[in-house]
Amino acid sequence: MNLPVLSDRTKPHNDPLVAIQLLSACRILVINGKGGSGKTTVSTNLASWLAKRGETTVLVDADPQGSASYWLASRTQELPVIFGVKIDPTSRLTRSFQWRAPKSTRWLITDAAPGLTGTALEDLIQNHDLIIVPVLPSDIDIRASAHFIGELLLTRCMRRQRRPIAVVANRVKQQANAWDRLKKFLLSLNIPYPATLRDTQHYVRAYSEGRGIADYPQQSHARDRNDWELLLCWLDAQASPSQWLDETVSEETDTDLVNAS
Ligand SMILES: Nc1ncnc2c1ncn2[C@@H]1O[C@H](COP(=O)(O)OP(=O)(O)OP(=O)(O)O)[C@@H](O)[C@H]1O
Ligand SMILES: [Mg+2]
(Lines give C-alpha, C1' and ligand atoms only; values in the text may rest on other atoms or scores of the structure.)
(Ligands and ions follow the chains in the order given, each with its own letter.)
Protein backbone atom coordinates (compact mmCIF):
# COMPACT_ATOMS: atom_id res chain seq x y z
CA MET A 1 0.00 0.00 0.00
CA ASN A 2 1.22 3.49 -0.80
CA LEU A 3 1.68 5.24 2.53
CA PRO A 4 1.13 8.99 2.61
CA VAL A 5 4.52 9.89 4.10
CA LEU A 6 6.62 12.79 2.83
CA SER A 7 10.33 11.94 2.59
CA ASP A 8 13.32 10.29 4.31
CA ARG A 9 13.55 12.88 7.05
CA THR A 10 9.88 12.39 7.89
CA LYS A 11 10.11 8.98 9.56
CA PRO A 12 12.12 7.94 12.63
CA HIS A 13 14.62 5.20 11.92
CA ASN A 14 13.26 1.65 12.37
CA ASP A 15 9.94 2.91 13.64
CA PRO A 16 7.00 1.15 12.00
CA LEU A 17 4.06 3.13 10.71
CA VAL A 18 0.74 2.39 12.37
CA ALA A 19 -2.83 3.51 11.90
CA ILE A 20 -3.44 6.76 13.76
CA GLN A 21 -6.28 5.31 15.80
CA LEU A 22 -3.76 2.86 17.31
CA LEU A 23 -1.20 5.49 18.35
CA SER A 24 -0.61 6.20 22.01
CA ALA A 25 -0.26 9.84 21.00
CA CYS A 26 -2.24 12.94 21.68
CA ARG A 27 -3.90 13.75 18.36
CA ILE A 28 -4.74 17.40 17.86
CA LEU A 29 -7.04 18.66 15.13
CA VAL A 30 -6.55 22.30 14.11
CA ILE A 31 -9.67 23.29 12.28
CA ASN A 32 -12.08 26.08 11.39
CA GLY A 33 -14.62 26.11 8.57
CA LYS A 34 -13.42 29.60 7.70
CA GLY A 35 -10.39 29.98 5.44
CA GLY A 36 -7.42 32.09 6.47
CA SER A 37 -8.08 31.98 10.23
CA GLY A 38 -4.58 30.72 11.04
CA LYS A 39 -4.91 26.91 10.98
CA THR A 40 -1.55 26.42 9.29
CA THR A 41 0.12 29.09 11.42
CA VAL A 42 -1.13 27.45 14.62
CA SER A 43 -0.36 23.88 13.42
CA THR A 44 3.19 24.65 12.34
CA ASN A 45 3.98 26.69 15.44
CA LEU A 46 2.55 24.08 17.74
CA ALA A 47 4.57 21.38 15.97
CA SER A 48 7.76 23.37 16.40
CA TRP A 49 7.10 23.92 20.11
CA LEU A 50 6.46 20.23 20.77
CA ALA A 51 9.42 19.07 18.65
CA LYS A 52 11.67 21.50 20.51
CA ARG A 53 10.75 19.69 23.74
CA GLY A 54 12.28 16.57 22.18
CA GLU A 55 8.94 14.76 21.84
CA THR A 56 8.19 12.87 18.63
CA THR A 57 5.92 15.18 16.70
CA VAL A 58 4.02 14.50 13.48
CA LEU A 59 2.41 17.19 11.36
CA VAL A 60 -0.36 15.89 9.12
CA ASP A 61 -1.12 18.09 6.15
CA ALA A 62 -4.75 17.30 5.40
CA ASP A 63 -5.26 20.38 3.23
CA PRO A 64 -4.89 19.95 -0.57
CA GLN A 65 -3.32 23.46 -0.63
CA GLY A 66 -0.26 21.77 0.95
CA SER A 67 0.79 24.77 3.08
CA ALA A 68 2.01 22.67 6.03
CA SER A 69 4.03 20.39 3.72
CA TYR A 70 5.63 23.40 2.06
CA TRP A 71 6.61 24.76 5.49
CA LEU A 72 8.03 21.39 6.51
CA ALA A 73 10.05 21.14 3.30
CA SER A 74 11.54 24.60 4.04
CA ARG A 75 12.70 23.48 7.49
CA THR A 76 16.49 23.22 7.75
CA GLN A 77 18.39 20.24 9.14
CA GLU A 78 19.61 21.89 12.35
CA LEU A 79 16.05 22.52 13.61
CA PRO A 80 14.24 19.91 15.75
CA VAL A 81 12.80 17.21 13.50
CA ILE A 82 9.09 17.18 12.76
CA PHE A 83 7.76 14.15 10.89
CA GLY A 84 5.36 14.92 8.09
CA VAL A 85 2.40 13.11 6.61
CA LYS A 86 0.81 14.52 3.49
CA ILE A 87 -2.67 13.34 2.63
CA ASP A 88 -2.93 13.11 -1.13
CA PRO A 89 -6.50 14.14 -2.05
CA THR A 90 -6.31 12.11 -5.27
CA SER A 91 -5.40 8.85 -3.51
CA ARG A 92 -7.86 6.43 -1.96
CA LEU A 93 -6.28 6.98 1.50
CA THR A 94 -7.96 10.22 2.48
CA ARG A 95 -10.18 8.92 5.32
CA SER A 96 -8.44 9.51 8.64
CA PHE A 97 -8.65 5.87 9.79
CA GLN A 98 -6.42 5.05 6.79
CA TRP A 99 -3.67 7.46 7.85
CA ARG A 100 -0.39 6.09 9.18
CA ALA A 101 2.18 7.67 11.47
CA PRO A 102 5.34 6.47 13.27
CA LYS A 103 4.56 4.24 16.25
CA SER A 104 6.63 6.41 18.62
CA THR A 105 4.53 9.51 17.88
CA ARG A 106 3.78 11.50 21.02
CA TRP A 107 1.97 14.41 19.37
CA LEU A 108 0.10 14.35 16.10
CA ILE A 109 -1.15 17.66 14.77
CA THR A 110 -3.50 17.80 11.81
CA ASP A 111 -3.74 20.97 9.74
CA ALA A 112 -7.25 20.67 8.30
CA ALA A 113 -8.58 22.14 5.07
CA PRO A 114 -11.12 24.97 5.32
CA GLY A 115 -14.80 24.41 4.62
CA LEU A 116 -15.20 20.86 5.92
CA THR A 117 -18.71 19.80 6.88
CA GLY A 118 -20.83 16.65 7.20
CA THR A 119 -19.12 13.28 6.90
CA ALA A 120 -15.69 14.78 6.12
CA LEU A 121 -15.85 16.67 9.42
CA GLU A 122 -17.12 13.64 11.35
CA ASP A 123 -14.32 11.53 9.89
CA LEU A 124 -11.62 13.93 11.09
CA ILE A 125 -13.05 14.36 14.58
CA GLN A 126 -13.38 10.61 14.96
CA ASN A 127 -9.61 10.08 15.04
CA HIS A 128 -8.54 13.08 17.10
CA ASP A 129 -8.49 13.70 20.85
CA LEU A 130 -8.39 17.49 21.06
CA ILE A 131 -9.64 20.28 18.84
CA ILE A 132 -8.07 23.70 18.42
CA VAL A 133 -10.04 26.37 16.56
CA PRO A 134 -8.07 29.47 15.50
CA VAL A 135 -10.35 32.51 15.20
CA LEU A 136 -9.69 35.96 13.77
CA PRO A 137 -11.22 38.71 15.90
CA SER A 138 -13.38 40.37 13.23
CA ASP A 139 -17.19 40.32 13.29
CA ILE A 140 -17.39 38.25 10.11
CA ASP A 141 -14.90 35.68 11.34
CA ILE A 142 -16.34 35.49 14.83
CA ARG A 143 -19.86 34.91 13.53
CA ALA A 144 -18.62 32.22 11.15
CA SER A 145 -16.47 30.61 13.85
CA ALA A 146 -19.27 30.61 16.41
CA HIS A 147 -21.44 28.88 13.82
CA PHE A 148 -18.64 26.38 13.13
CA ILE A 149 -18.12 25.62 16.83
CA GLY A 150 -21.86 25.02 17.13
CA GLU A 151 -21.61 22.63 14.18
CA LEU A 152 -18.65 20.85 15.82
CA LEU A 153 -20.58 20.34 19.05
CA LEU A 154 -23.51 18.88 17.17
CA THR A 155 -21.52 16.25 15.26
CA ARG A 156 -22.30 12.66 16.12
CA CYS A 157 -18.72 12.06 17.35
CA MET A 158 -18.81 14.99 19.75
CA ARG A 159 -22.24 14.11 21.11
CA ARG A 160 -21.03 10.57 21.75
CA GLN A 161 -17.73 11.64 23.27
CA ARG A 162 -17.01 15.32 23.69
CA ARG A 163 -13.38 16.10 22.85
CA PRO A 164 -11.87 19.12 24.61
CA ILE A 165 -11.94 22.23 22.40
CA ALA A 166 -9.79 25.34 22.77
CA VAL A 167 -9.96 28.54 20.77
CA VAL A 168 -6.84 30.45 19.75
CA ALA A 169 -7.51 34.12 19.09
CA ASN A 170 -5.25 34.94 16.18
CA ARG A 171 -4.00 38.27 14.79
CA VAL A 172 -5.42 40.16 17.72
CA LYS A 173 -4.94 43.93 17.65
CA GLN A 174 -5.86 46.46 20.30
CA GLN A 175 -9.54 46.96 19.31
CA ALA A 176 -11.45 44.18 20.95
CA ASN A 177 -15.23 44.67 20.80
CA ALA A 178 -15.84 41.67 18.61
CA TRP A 179 -13.38 39.57 20.63
CA ASP A 180 -15.26 40.46 23.83
CA ARG A 181 -18.46 39.09 22.28
CA LEU A 182 -16.71 35.87 21.28
CA LYS A 183 -15.35 35.47 24.82
CA LYS A 184 -18.90 35.66 26.21
CA PHE A 185 -20.03 33.04 23.72
CA LEU A 186 -17.10 30.74 24.62
CA LEU A 187 -17.70 31.14 28.33
CA SER A 188 -21.34 30.18 27.86
CA LEU A 189 -20.16 26.93 26.23
CA ASN A 190 -17.34 26.36 28.71
CA ILE A 191 -14.72 26.51 25.93
CA PRO A 192 -11.30 27.88 26.99
CA TYR A 193 -9.22 30.34 24.92
CA PRO A 194 -5.71 29.73 26.25
CA ALA A 195 -3.81 31.67 23.57
CA THR A 196 -4.03 35.11 22.01
CA LEU A 197 -1.54 35.66 19.20
CA ARG A 198 -0.46 39.07 18.00
CA ASP A 199 -0.76 40.23 14.44
CA THR A 200 2.92 40.35 13.58
CA GLN A 201 5.28 39.78 10.68
CA HIS A 202 7.17 37.36 12.96
CA TYR A 203 4.62 34.69 11.99
CA VAL A 204 4.78 35.54 8.29
CA ARG A 205 8.58 35.34 8.28
CA ALA A 206 8.64 32.18 10.39
CA TYR A 207 6.41 30.40 7.89
CA SER A 208 8.64 31.30 4.95
CA GLU A 209 11.71 30.04 6.85
CA GLY A 210 10.17 26.73 7.88
CA ARG A 211 10.31 27.78 11.53
CA GLY A 212 7.96 28.38 14.39
CA ILE A 213 8.17 31.14 16.97
CA ALA A 214 9.76 28.53 19.25
CA ASP A 215 12.74 28.36 16.88
CA TYR A 216 13.70 32.02 17.45
CA PRO A 217 15.55 32.40 20.75
CA GLN A 218 16.00 36.16 20.28
CA GLN A 219 14.66 38.70 22.76
CA SER A 220 12.71 40.31 19.90
CA HIS A 221 10.42 37.23 19.84
CA ALA A 222 10.05 36.83 23.62
CA ARG A 223 6.58 38.37 23.73
CA ASP A 224 5.29 36.03 21.01
CA ARG A 225 6.94 33.00 22.64
CA ASN A 226 5.12 33.85 25.89
CA ASP A 227 1.79 33.85 24.05
CA TRP A 228 2.09 30.05 23.63
CA GLU A 229 2.74 29.13 27.23
CA LEU A 230 -0.83 28.76 28.40
CA LEU A 231 -1.84 26.75 25.33
CA LEU A 232 1.04 24.34 25.92
CA CYS A 233 -0.01 24.00 29.57
CA TRP A 234 -3.58 23.31 28.43
CA LEU A 235 -2.32 20.60 26.04
CA ASP A 236 -0.21 18.99 28.76
CA ALA A 237 -3.15 19.05 31.13
CA GLN A 238 -5.33 17.22 28.59
CA ALA A 239 -2.75 14.73 27.39
CA SER A 240 -1.39 11.82 29.31
CA PRO A 241 -0.25 8.98 27.02
CA SER A 242 -1.92 6.19 28.99
CA GLN A 243 -5.17 8.13 29.13
CA TRP A 244 -5.25 8.57 25.33
CA LEU A 245 -4.47 4.91 24.74
CA ASP A 246 -7.17 3.82 27.18
CA GLU A 247 -9.75 6.09 25.62
CA THR A 248 -8.98 4.90 22.10
CA VAL A 249 -9.38 1.30 23.13
CA SER A 250 -12.56 1.90 25.11
CA GLU A 251 -14.12 3.84 22.22
CA GLU A 252 -13.60 0.89 19.93
CA THR A 253 -14.61 -1.83 22.32
CA ASP A 254 -17.26 -0.48 24.63
CA THR A 255 -19.61 2.17 23.34
CA ASP A 256 -21.71 2.14 26.51
CA LEU A 257 -18.68 2.94 28.63
CA VAL A 258 -17.82 5.89 26.35
CA ASN A 259 -21.39 7.17 26.54
CA ALA A 260 -21.34 6.98 30.29
CA SER A 261 -18.05 8.92 30.69
N1 LIG B 1 -0.62 36.06 14.00
C2 LIG B 1 -0.40 36.39 12.73
N3 LIG B 1 0.21 37.57 12.42
C4 LIG B 1 0.41 37.94 11.13
N5 LIG B 1 0.04 37.20 10.06
C6 LIG B 1 -0.58 36.03 10.31
C7 LIG B 1 -0.83 35.56 11.63
N8 LIG B 1 -1.46 34.38 11.55
C9 LIG B 1 -1.61 34.10 10.24
N10 LIG B 1 -1.07 35.10 9.48
C11 LIG B 1 -1.06 35.17 8.02
O12 LIG B 1 -2.42 35.08 7.58
C13 LIG B 1 -2.50 34.26 6.43
C14 LIG B 1 -3.44 33.09 6.70
O15 LIG B 1 -2.88 32.28 7.73
P16 LIG B 1 -2.90 30.69 7.62
O17 LIG B 1 -2.38 30.26 6.29
O18 LIG B 1 -2.22 30.17 8.82
O19 LIG B 1 -4.46 30.44 7.69
P20 LIG B 1 -5.25 29.10 7.32
O21 LIG B 1 -6.44 29.07 8.20
O22 LIG B 1 -4.33 27.94 7.36
O23 LIG B 1 -5.67 29.39 5.81
P24 LIG B 1 -6.37 28.33 4.81
O25 LIG B 1 -7.80 28.25 5.24
O26 LIG B 1 -6.19 28.95 3.46
O27 LIG B 1 -5.65 27.03 4.96
C28 LIG B 1 -1.08 33.84 6.09
O29 LIG B 1 -0.56 34.74 5.15
C30 LIG B 1 -0.35 33.97 7.42
O31 LIG B 1 1.04 34.24 7.26
MG1 LIG C 1 -3.93 26.44 5.93
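1. Pro164 touches Leu130 and Gln238 when residues up to four places away in sequence are not counted; two residues are in contact if their C-beta atoms, placed from the backbone, lie within 7 Å. Pro164 is found in the loop between α5 and β8, and with 16 other C-beta atoms within 10 Å it is partly exposed. A residue is buried if 20 or more other C-beta atoms lie within 10 Å of its own, exposed if 12 or fewer, and partly exposed in between, C-beta atoms being placed from the backbone.

2. The basis of these remarks is a predicted model, in which local features need pLDDT of at least 70, side-chain atom pairs count only at pLDDT 80 or more, and totals for chains, interfaces and linings use all residues. Residues are numbered from 1 along each chain as its sequence is written, while chains are lettered from A and ligands numbered from 1 in the order in which they are written.

3. On confidence, the chain averages a pLDDT of 86, and 85% of the residues score at least 70; pLDDT is the predictor's confidence in each residue, from 0 to 100. Over residues 1-8 the pLDDT is below 50, and this stretch has 19 contacts in the model beyond near neighbours in sequence. Residues 248-261 also have pLDDT under 50, and the model has 8 contacts for them beyond four places in sequence.

4. The chain contains 11 helices and 9 strands. Helices (H or I, at least four residues) and strands (E, at least two) are DSSP runs, numbered from the N terminus. Of the 261 residues, 39% count as buried. Among contacts between residues at least 6 apart in sequence, 83% join residues at least 24 apart.

5. An open sheet of 7 strands, with parallel pairing, has the order β4-β3-β6-β2-β7-β8-β9. Its edge strands are β4 (83-86) and β9 (195-198), each pairing on one side only. The twist averages 20° from one strand to the next. Two strands pair if DSSP finds at least two bridges between them. Strands of a sheet pair through backbone hydrogen bonds, either parallel or antiparallel.

6. Because 5 of its 6 residues are buried, β7 is largely enclosed by the rest of the structure. β2 and β7 run parallel and are joined by 3 bridges, with Leu130 in β7 as the bridge partner of Ile28. β7 and β8, also parallel, are joined by 5 bridges, and Ile132 stands opposite Ala166 in β8. β8 (residues 165-172) and β9 pair in the parallel sense over 3 bridges, and the bridge partner of Val172 in β9 is Arg198.

7. Two helices lie across the strands. Helix α1 (residues 39-52) lies across β2, β3 (57-61), β6, β7 (130-135) and β8, running at about 165° to β6. Helix α9 (residues 229-238) lies across β7, β8 and β9, at about 170° to β8. Axes are lines fitted to C-alpha atoms, for helices over the stretch in contact, and angles run from 0 to 180 degrees between N-to-C directions.

8. In helix α3 (residues 118-126), Leu121, Leu124 and Ile125 are buried. They cover an arc of only 100° around the axis, which puts them on the same side of α3; the arc is that of the directions from the helix axis to the C-beta atoms. The buried residues of α3 pack against β2 (26-30), β6 (107-111) and α5 (156-160).

9. The largest nonpolar core has 60 residues, and those with the most contacts inside it are Val60, Leu108, Ile109 and Val168. Such a core is a set of buried Ala, Val, Leu, Ile, Met, Phe, Trp, Tyr and Cys residues joined through C-beta atoms within 7 Å. Helix α1 gives the most to this core, with 6 residues. Leaving aside neighbours within four places in sequence, Ile109 is in contact with Ile28, Val30, Ser43, Leu46, Ala47, Leu59 and Val60.

10. Phi of Arg171 is near 60°, a positive value in a residue other than glycine. Arg171 is found in strand β8 and counts as buried, with 20 C-beta neighbours inside 10 Å. Phi of Asn190 is likewise positive, near 60°, in a residue other than glycine. Asn190 is in the loop between α6 (177-189) and β9 and is exposed, with 7 other C-beta atoms within 10 Å.
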